[in-house]
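Okay, thanks for coming, everyone.

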Amino acid sequence: MSSLNVRISEPAHRVLRELSEQQGASMQSLLDEAVERLRRETFMARTNEAFAVLKSSPKAWQQEQEERALWEQTLQDGVDDK
């Protein structure tokens, strides 16, 4: 795996080192985990915001519900899940 240098503040480095010692994990793996967690949280926050906008429009939300109902029918296509 290639690596790049990234500057972080001394307090952040101190916390990262402490977490590394406590968890018995490398600082690199903890940074990777933190970045992935932030990516997922950001994705979910944006998704929630988009659904809030969708729900704020009764017409758009009704269209969403109708489309979901159409997709639900595909689960009843008679094909066994074996």
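I'll start with a word on the model, then go to helix packing and salt bridges.

This is a predicted model, so local features need pLDDT of at least 70, side-chain atom pairs count only at pLDDT 80 or more, and totals for chains, interfaces and linings use all residues. Residues are numbered from 1 along each chain as its sequence is written, and side-chain values use heavy atoms, with hydrogens and water left out.

So, packing. Helix H2, residues 27-55, packs on helix H3, residues 58-73, at about 110°, with the axes 6 Å apart. That makes the two roughly perpendicular, a label for angles of 65 to 115 degrees. On the H2 side, the contact (heavy atoms within 4.5 Å) comes from Phe51, Leu54 and Lys55. H3 brings Pro58, Ala60, Trp61, Glu64 and Arg68.

Now the salt bridges, meaning a side-chain nitrogen of Lys or Arg within 4 Å of a carboxyl oxygen of Asp or Glu. The whole structure has 4. One of them pairs Arg37 with Glu33, at 2.8 Å from N to O. Those two sit 4 residues apart in H2, so about one helical turn separates them.

At 53% relative accessibility, Arg40 counts as exposed (over 50%; buried is under 20%, partly exposed in between, with a 1.4 Å probe and protein chains only). Glu36, at 29%, is partly exposed.

How values were computed. Axes fitted to C-alpha atoms, helices over the stretch in contact; angles between N-to-C directions. Parallel < 35°, antiparallel > 145°, perpendicular 65-115°, else oblique.
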